[in-house]
Structure formats: structure tokens, C-alpha cells
Amino acid sequence: MYRLWFPILVVAALAAAALAAIPATAATGSRIAVTTPANVDISQRHLNESEETVAVNPADPGNIVTVTNVGHGEAGLSAGMLEGVSFDGGKTWATKLIGLGAGDPLGDACCDPSLSFDQYGNLFLTYLYETEDQVPVALSTDGGLSFHVIANISKAGLPGKRSGGDNRGLFRFVDQPTITAARGEAWVVFNAGGPIAAAGARVSGLGQVSPFGPVEVAPGTNNCTYGDVAIGPSGQVMQTCNLTESGQGGGKIFVNVDSDGLGPAGFGRRIFVTQTHVGGFDFIPPQPDRSIDAEAGLAWDRTTGPHAGRVYLVYTAEHPNESNNTDIYVRHSDDNGATWSPAIRVNDDTTASTQFLPKISLDPTTGNIAVGWYDSRNDLGTGGPGDTDGLPDDDAQFWGAFSTNGGASFTRNIQISAGTSNSHDSGNGIDYGDYSGLSFYGGTAHPVWSDNSDSTGNNPDGALHQLDIYTAAVPVP
Ligand SMILES: [Ca+2]
Ligand SMILES: [Ca+2]
Ligand SMILES: [Ca+2]
Ligand SMILES: [Ca+2]
């Protein structure tokens, strides 16, 4: 059950990306609850960018970095990802391709990027290589302008695991790594062709990262994947993953906690949280080529605020099963994941449309949380600004909401994307990718998403063709 990026052959010229961003005019659809923020086209690049990660630098909050997949095979590009760096809060971006192969400090990057800044301004990046059977961790100490690989986490030595060339290629041995850094720790988790594997390193300052410790396995996570990792207020570490019983129908979310973090104890037993009815490859109309998984995500409150110590879990669930009516839910735990609150639905629409690929982020300056997701609520197939083609529920916008009361409730939903996208029209093969990006700091959420609406007028492929990467600065209402 791999959600790897599948190469698609696209024959077209690779144009240099323009850097200037043009703010969008807010859309005026009737369902917009709060003013849509100005949209910025980060990539402004021919062909497809998708599956994006973003991080705001707590040591310099105007510094925001995003990394995304790009289509390989285009103009001789056999490896690489797109990086965007902003130093003005996301208004303007400098973009470049990274991980282009031999001689590149990031090697031959395939895809699946994950970013995290820590309090010192260290920026950690993990991703997949095209060929190597290990998970790289790269570090930037200059706000994302340059990276170097500081570790290659190998599964070698894990009990019962194969090694050698049979794990290479599309069905590689490692998949969808995620990294997080905070509180003097950096942790990377990944699916290891079986269980979830994790490794952590101590961080004592800018550029001061100790070697990553031995790889440990989260018990009971065989074939559990596509999850997230978070660090708690005392340095404990939680991973979540989706155990998918079938491609379409079944999915269960589990968590495991390493209660002493970098200390010698390993991850504890798996804890069942919820059934999702979202399989590992659950096809929905707006994601018809790639499908979705539940995309469980974590955010842990390390502040001293009213909900200190609370950990939040976001995920997608489908009710009824195989109805394609997916929704976004958040639960929380005040006892390190042992027990969880009832599910609170985040999306406030009254349609039977899809909401998918959620991301959660906690503002470390307030303890408030933000959630972003793709949303088809405005596509009733009857024309208008939410429908590109007269078919229901196959177009999507990007939406979000906040909670300022510890996840007890969420604000009215905000249409964040000014335009409406159709992923199949992109020819991307993986639609919008397997996840979206979100980083919330200082009262402003910074989502990144894949968009082919051309709402800003500067996608070089125009509207309803290849995807660009968009962002917006979204304040708490
Ligand atoms: Ca430990
Ligand atoms: Ca729904
Ligand atoms: Ca439609
Ligand atoms: Ca593009």
C-alpha cells in the first residue's frame, strides 16, 4: 500500500519560474462565510507541482519555506522537488528546483517532502530518494536558502526486514516520511515496508544537531501508514498512522507514544482511536486518479495556555461508508493518547460533498489550532463559481477553520482559495497529491495547496490545466 509518487511522462519545456506574486481579488460566492484572503501563486511554473509541505520559522516569522513534488520526466528532469522561500510573510517567494541528482547536496530527490522549523531556526527536511533505500534528513540554518543532508535513516538491522535491491524502485522500502522538531528534539517517522519506524536526535542550538539515534519500531503498526508525528511538552513523542484494511472501505487510526522521547524506552503499545471508512486508496470524485487516505495528523500543545498538554488528531472519515461523503474531524486527548474526546466535525457545510486531505497546525504563541482541507461543497454540478464542468462534486476549493477553545468547536469555515480547481484536468496522475500543507504561527495560518484555477492570472499553463502551488495568509477571524 504505497502512496509513492508515480512518474508520469510529460513532454514539455521547463520554463523558468517567475517570482512576483499577484494578490487575488476575493471571490464572491454565496457560501463564503469570511472574506477570502489574497491568494499568492508560489510556483508560477509550467507543468505540475503538488503534494506540498510548509513551515514558518519561529525565530523569524516572516521566513516561510515550502517544498513540493514536481513531475519527473519533464524536460529530462529525472529527480527533484520545487522549493519556495519567503522572507516577507509569504507575499513574495523565490523558487528553485532542489535534489536534482548526482552532485546535488540533496541527492536524487523523488518526492514526499516534509518540513519543520524548530525554535532555534533550524529547518529540517525529509523526503524520499529516487533510488536509495533510506530516509534522508536535511538541515538548513539559513532559512531554507541552502540544505545539506545530515542523516540517512536506514532500516538496516530492523528485525525481520529484507534488504537489497528488491526494495528499490516504485515499490520502495520506505514511504511517506514525516519530520517534526521542537523542544530540543527532531523526530522522523516513516513507513518501513511493514511497521512505522522512527528515529530522534537531540538539538541544542542553531546547527547543533546530534546524530540520530537507533531506529525504533512502533508496536502493532504493520501496514499502518500515512500518518504524522508530534512532540509533547515533556519531550514525549506520538506517532499516528492509518491501518487500511482495503483500498476503499476500511481504515482505522492508531497512535503509539514514546513516553521518554529521546530516552531509552521505546514506543508503547498501539492505541486504537477511530474507524474512518477511508481506505488506503479510497477514490472520490475530486481525486479520481490518485484517491485519498484519511491523512491523520497531530498537533500537541506545548504552550502554558489553558489547554497545555492537549494533543489534537485530525482525520478524514466517510459516512456512510463508500458514499463519497467525506468530512474532516478533530479529536483531542489530555492523557497522552490513552483516551480521546468525541469527534468534532470541522467542516460546517450541509452538503453531501467531499472534504479531504486535511492538515492541522497549532500556533505555539497561543495554543489555538488551524485546520485546512480541500472541499467540494460549492460544486453542485449546476454551474457557478464552484463548478467548472456541470458535474457534481468533482471540483474543489481550499477551505479552513480555527479553534480558539481547545477543539471544543471551530469557527465558521473560510474559503481560502479564491478559485476552483479540477485535479483531473491537470493530468498530474496523482491529482492534488497525498496531502496539503499548513503552518500556523503568531495568529496567522499559512496553508499551501495545489491549484489550477489560475485565479491569480499567473499560472503559465492557464486555467484548468497543470497545477501551481498557492498560499494565503489567513488570520484568526
Ligand atoms: Ca524513547
Ligand atoms: Ca462531506
Ligand atoms: Ca463540477
Ligand atoms: Ca505549475
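These are questions and answers about a predicted model of a protein chain.

Q: How many of the residues count as buried?
A: Of the 477 residues in the protein chain, 57% do. The cut-off behind that label is 20 or more other C-beta atoms within 10 Å.

Q: What share of the contacts comes from residues 24 or more positions apart?
A: That share is 62%, counted among contacts with a separation of 6 or more.

Q: Why is Leu298 called buried?
A: Leu298 has 24 other C-beta atoms within 10 Å, and the label asks for 20 or more, so Leu298 is buried. Leu298 sits in strand 21, residues 297–300.

Q: Which residues is Leu298 in contact with, leaving aside its neighbours within four places in sequence?
A: Among them are Asp228, Val229 and Ala230, along with Met238 and Thr240. Val311, Tyr312 and Leu313 are also in contact with Leu298. As for Tyr315, it is 17 residues from Leu298 in sequence, and the C-alpha to C-alpha gap is 9.2 Å.

Q: Which residues have the most contacts inside the largest nonpolar core?
A: Leu298 is one of them, and the list also holds Phe124, Trp187, Val188, Ala198, Tyr312 and Val371. That core has 117 residues. In soluble globular proteins, nonpolar side chains tend to be buried together.

Q: What is Trp187 in contact with, leaving aside its neighbours within four places in sequence?
A: Ile179, Thr180, Ala198 and Gly200 are in contact with Trp187, and so are Val229, Ile231 and Val237.

Q: What makes strand 15 and strand 18 the edge strands of their sheet?
A: The sheet is open, with 4 strands in the order 15-16-17-18 and antiparallel pairing. Strand 15 (224–231) and strand 18 (271–275) each pair on one side only. Neighbouring strands here are turned by 20° against each other on average, direction ignored.

Q: How do you know that strand 15 and strand 16 pair?
A: Pairing takes at least two bridges, and 6 bridges join strand 15 to strand 16 (residues 237–244), running antiparallel. Thr225, for instance, has Asn242 in strand 16 as its bridge partner.

Q: How many bridges join strand 7 to strand 8?
A: There are 4 between strand 7 (residues 123–129) and strand 8 (residues 134–140), which run antiparallel. Phe124 has Leu139 in strand 8 as its bridge partner.

Q: Why is strand 30 said to be largely enclosed by the rest of the structure?
A: Because 7 of the 8 residues of strand 30 (residues 444–451) are buried.

Q: Which strands does strand 30 pair with, and over how many bridges?
A: Strand 29 (residues 437–441) is joined to strand 30 by 5 bridges, running antiparallel. Strand 31 (residues 468–471) pairs with strand 30 in the antiparallel sense over 4 bridges. Strand 32 (residues 474–475) pairs with strand 30 over 2 bridges, also antiparallel; with pairing set at two bridges or more, that meets the cut-off. Residue by residue, Tyr441 stands opposite Thr444 in strand 30, Trp449 stands opposite Tyr470 in strand 31, and Ala445 has Val474 in strand 32 as its bridge partner.

Q: What is the phi of Gly442 in the hairpin of strand 29 and strand 30?
A: Gly442 takes a positive phi near 60°, in a hairpin with 2 residues between the strands.

Q: Why is Leu357 buried but Asp454 partly exposed?
A: Leu357 has 32 other C-beta atoms within 10 Å, whereas Asp454 has 18. Buried begins at 20 and exposed ends at 12, so a count in between is partly exposed. Leu357 lies in strand 25 (residues 355–362), and its phi is near 55°, a positive value in a residue other than glycine. Asp454 is in the loop between strand 30 and strand 31; its phi is positive too, about 55°, although Asp454 is not a glycine.

Q: Where is Pro320 found?
A: Pro320 is in the loop between strand 22 (311–318) and strand 23 (326–333). The peptide bond from His319 to Pro320 is cis, with omega near -15°.

Note on methods: Residues numbered from 1 in each chain as written. Chains lettered and ligands numbered in written order. Predicted model: local features only at pLDDT ≥ 70, side-chain atom pairs only at ≥ 80, totals over all residues. Contact = placed C-beta atoms within 7 Å. Core = buried A, V, L, I, M, F, W, Y, C linked by C-beta atoms within 7 Å. Axes fitted to C-alpha atoms, helices over the stretch in contact; angles between N-to-C directions.
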